[in-house]
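Open the structure in your viewer and keep the selection tool ready. Each stop below says what to pick and what is there.

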Amino acid sequence: MDKYQEQPHLLDRHLEGMMNSLLEIVRDSGSPPPLVHLAFKFLYIITKVRGYKRFLPLFPHEVRDLQPVLDMLAKQNPRDTETWETRYMLLLWLSMICLIPFDLARFDGNLVSVEGQARQPTMDRILEIAKCYLVVSDKARDAAAVLVSKFIVRPDVRQSRMADFLDWVLSMLSKSSSQTMEGTVIVNGMLQALAQLFKHGKREDCLPYAATVLECLDNCKLSESNQMVLRKLGMKLVQRLGLTFVKPKVAKWRYQRGRRSLAANLQAQGAAVQNQKREAAAAAAAEADDDEEYDIPGEIENVVEQLLVGLKDKDTIVRWSAAKGIGRITGRLPKELADDVIGSLLDCFSFQETDNAWHGGCLALAELGRRGLLLPSRISDVVPVMLKALTYDEKRGACSVGSNVRDAACYVCWAFARAYEPSELIPFISHISSALVIAAVFDRDVNCRRAASGTFPHGIDILTAADYFAVGNRVNCYLTISVYIAGFPEYTQPMIDHLINMKINHWDSVIRELATKALHNITPQAPEYMANVVLPRLLPLSVGSDLHTRHGAILACAEITHALWYLPCYQIYFLTVCTLIEKLSLSKMPFRGDPIIGTSFFKSPSMTSAVSALAALCNEFYINERGEADPALQDELVTQYVSELQNSEEMIRCGFSRALGALPRFLLKGRLQQVLEGLKKVTVISPEDVSFAESRRDALIAIAKVCQTVGVKGDGSQQEYVCRENVDQIYATLLTGVTDYTTDSRGDVGGWVREAAMTSLMEVTLLLVQKEAELIHANVCKQIMCWLAQQSAEKIDKFRAHAGSVFLTLLHFDHPPVPHIPHREELERIFPRWEKETLNWNAASEAFPRITQLLGLPAYQYHVLLGLSVSVGGLTETTLRYSAQSLFDYMKKIQTDPSALEGFCETLLKVFEDNLTKAALATTPRDAQAVTHGFGAVQGQELGWMISVCPLQLSSPCGSGLDDLCVSPAAQQPLWLCCALALLTLPLLQIRKTTASQVYEMLLTYSDVVDPAVMEQAMAILSDTNWEEILEVCHEPETGLCKQSNFKCTDSFLAFMSTGRIWGKEGSLQAGKQQN
């Protein structure tokens, strides 16, 4: 039944059937007692899930059921702890049977039994059972109270037994003490019986006894008891006594919004209809004035006083019961008395009261508002209290209290929104909505944030961002959701004020830090308010005496000041100054030799406009009449810029790299090698700056810019030109950038470096081609084209497209052509000139069928295959599908060409060997699947090459070739089996174990691979051997298994073992290979 706990109403249609099935067992006289008890236990479980009130009417309540139920109850032992479910269900059943419309005296008949002894009347039997179970300590006590409420109010019982029963209950209350365990049990039962009786009994029947019961209850002093349940029952009984004292009529003066019927509300449209309704309501209220003029018993004052005291109880359940009592009784009082109750209730909201009083008062206000008993005239008194409650937080020791108060205040807001017309709340809506938004975002407790995410202006937009789940994360609320909500002008200033007034001085340091970070994020929404109002308020607080306030104020000043620096107004100012410098320089203003020009070096050029301004400034003011730079000025500027390239901050490296790239030629003259060496150091990846991809990118771009600035002169000095002495160094630096596969939390950041390296390679190469093409060596050109081909085969569309564009630009450049391009004619046939602009490299369906054709060109085969291995192992479905399909098509194409197949396999093996330890280029499970499936149809001796690939796949960081090896259709080939058997000789324990398992499954699938005569022995060797033992132990089963396989696999086995060089680095593994 646990699955129905949250939605028990789903059981309703099945309850009667389940009850009848279980009661059949109970009614069967042949059922053994344990089975009967089990049936009642199941009935109790169903009742517990659905609730006894819904379950009670389903009990059969015919006359014939009375005597059997009484007899079964008579047989029960009230002290038996194992069968209390039986007694509980029998009492509930009896309470339903008691409703039969016949005088119980008719069931007595002749009260003299056969033995001549007097028999007890049925009425007395039931009453005695009820009294008996009202003083037990188990769940049957609750059912006995229900039985009393149904039984005593019967007309025949009320006349003859009600007074005596109440006397007995009150005497038990008077004699019992709530300070003892036994007394607590008795008081509990008596209070439950009285509460149920005064709830279900008619007012005219209970009224004569109400005053006496109230007096007895006062004498019990339950408010002083330490038992929470007794105080709750006492509060429940007090409110029901109060309801008995006043007439059961709904107050005519209450505020009514709309009608209970949705159809009636929809029909009542237009202002005239609304006015008519109000006039009718006013007339009805005037007519009811006379009716309401009746005497209110003096006991009501006592009842209300006890309920107001109950609102301050230390337990929530008692306060909630008292709040409901206040609402119920106020609804039956005249308007003046009800207003007095509300006035007394508002006294709970003084700061001399505890958080319990605030919580109870909020619950009572919500009940009054929900019932329409809080008139609009009182809203102006209630709203300020409610706003204080929404931010109530009182420090107690190392923590604080008040989360329950804030949660209840949210309930008050919800009740008001449902109770009043919008026009009534318009004067207060801005204050209420701001307080709710602040609670939904900045409250410390998640239940309060969720309770506050209700309805307010811009509610749909705000709730979309601050829904039930979003506000569950406190950091997300402070740093993300708050920024979005602060974008609505009506919430910006209240949110800032709340953080300053309530959160930066919070006792929890985490809240203080989050509040200051939130102020940093919100600053762009109100920069003027932050600078002119908030900061002046924070400065005195930062030197105050309270440690928490001082800490929060200092952090807030720092965060706000930092945020103000990044505001657009400051950025615009900075950009404006840079533009001014550039334009003044281009205008040739007469500032040459001015001290401000000579001393104000560009310290941190980190923006495009700043770099542009620097170039113009240098060209105009740092050059003399001879067109040269002042040596001292040049030395100081270049040395400073180069030294900043090793700064620990990445953005400073980026800025000075771009600044060096923008320097004019006269400043680089004589300093070219120093600049190139400095930029080269930026491109080197070290453990300290492995994530500085942006600085490496800008350094590579700057190298190309510097080369274009200084020009080319083959016989020139390496300090002034790109020449024979430094061209190899420049190319080596740029080619290093193409190998950058750095990744971090941002993804493949090395792609930025590779993109910049490809662009710079193209620019430098085209520069050399147009000036002195003989400086380009054949091996350098081959490296450039091969690396570009590899990048053109990789998985990221953007970088693949850029590489393809650079590749075709170099291939088809004609002024003059780029020399030494390998296989130029074949490339021009694969990539015709007319397709240079139309070929879409971003589309995997167009790019991969072209680039895989380069696998047939020996110079490009290795690099293209390396690039394809990354794409085939990628996660993007489109890239994976087209790259793998193109690779498969090429592999099928070369199946009939042994030499091409051998060359391809050798290249593939070298790719796997070279990249085993490179995480960015390591083979993946998809690569292994591609190799296995691609060669699944290859027949003959060529499979020996693929045998060499398998151990490399298995030893790679994520290899999974073995699974595909054994499930491939080619598993029936003898060479595949030899490969699998050879894997059993590896020194890697996990591979030997996995291989044995997979070969075992393969032999079960393809039973015709091995001679049936030796199959059983081969299977026994595979299953019985512990393949995780050391090599000496496993050597004998391996040899026996090879003999049983009856294959001549020497050549394949040697080809496989030739790959042992990859394990030759470790002596123990090498020794194991030699031994095998």
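This is a predicted model: local features need pLDDT of at least 70, side-chain atom pairs count only at pLDDT 80 or more; totals for chains, interfaces and linings use all residues.

**Stop 1: salt bridges across the sequence**

Start with Arg 161 and Asp 124. Their side chains meet in a salt bridge, 2.7 Å from N to O. Arg 161 belongs to helix α8 (residues 155-175) and Asp 124 to helix α6 (residues 122-134), so show both helices; the pair links distant parts of the chain, 37 residues apart. Colour by accessibility next. Arg 161 is partly exposed at 22% relative accessible area. Asp 124 is partly exposed too, at 23%.

Now select Asp 313 and Arg 231. The closest N and O atoms of this salt bridge are 2.8 Å apart. Asp 313 is in the loop between α14 (299-310) and α15 (316-330), while Arg 231 is in helix α11, and 82 residues of sequence separate them. Are these two partners buried or exposed? Asp 313 counts as buried, with 12% relative accessibility. Arg 231 is buried as well, at 4%. The cut-off for buried is under 20%.

Stay with the loop between α14 and α15 and pick Lys 312, which lies there; its partner Glu 353 is in the loop between α16 (335-346) and α17 (355-370), so the pair ties together parts 41 residues apart in sequence. The closest N and O atoms of Glu 353 and Lys 312 are 3.2 Å apart in this salt bridge. Glu 353 is partly exposed, with a relative accessible area of 23%. Lys 312 is partly exposed at 37%.

**Stop 2: rings, and charges over rings**

There are 20 aromatic pairs in the whole structure. Select Tyr 468 and Phe 469. Their ring centres are 5.3 Å apart and their planes stand at 85°, so this pair is edge-to-face. Tyr 468 is partly exposed at 47% relative accessibility. Phe 469 is exposed, at 66%.

Then jump to Tyr 741 and Arg 754. There the charged end of Arg 754 sits over the ring of Tyr 741, 4.3 Å from its centre.

Which residues do ring pairs link into a cluster? Select Phe 349, Phe 351, Trp 358 and Tyr 392 to see it.

**Stop 3: helix α40**

Among the buried ones are Phe 799, Arg 800, Val 806, Phe 807 and Leu 811.

Centre on Phe 807 and bring in Tyr 860. Both are buried. They form an edge-to-face aromatic pair, 6.4 Å centre to centre with 75° between the planes. Phe 807 lies in α40 and Tyr 860 in helix α43 (residues 858-872), so the contact ties together parts that are 53 residues apart in sequence.

**Stop 4**

Follow the chain out of α40 to Pro 816, in the loop between α40 (797-811) and α41 (824-830). The peptide bond from His 815 to Pro 816 is cis, with omega near -10°. His 820 is found in the loop between α40 and α41 as well. Its phi is near 65°, a positive value in a residue other than glycine. His 820 counts as partly exposed, at 43% relative accessibility.

Lys 221 is another place to check. Its phi is positive, about 50°, although it is not a glycine. Lys 221 sits in the loop between α10 (203-220) and α11 (228-245). It is partly exposed, with a relative accessible area of 48%.

**Stop 5: a nonpolar patch**

Switch to a surface view. Select Met 1, Leu 35, Leu 38, Phe 42 and Ile 45. Together they make a nonpolar surface patch of about 380 Å². Ile 45 lies in helix α2 (residues 33-50). It is partly exposed, with 34% relative accessible area.

Technical notes:
Residues are numbered from 1 along each chain as its sequence is written. Side-chain values use heavy atoms; hydrogens and water are left out. Helices (H or I, at least four residues) and strands (E, at least two) are DSSP runs, numbered from the N terminus. Buried means under 20% relative accessible area, exposed over 50%, partly exposed in between (1.4 Å probe, protein chains only). Patches are made of residues with over 30% relative accessible area and no salt bridge: like charges are joined within 9 Å, nonpolar side chains (Val, Leu, Ile, Met, Phe, Trp, Tyr) within 5 Å. Accessible areas come from the Shrake-Rupley method with a 1.4 Å probe; for residues, only the protein chains shown count as cover. A salt bridge is a side-chain nitrogen of Lys or Arg within 4 Å of a carboxyl oxygen of Asp or Glu. Rings of Phe, Tyr and Trp (its six-membered ring) pair if their centres lie within 6.5 Å; planes under 30 degrees apart count as stacked, over 60 as edge-to-face and the rest as tilted. A charge sits over a ring if NZ of Lys or CZ of Arg is within 6 Å of the ring centre and within 35 degrees of the ring normal.
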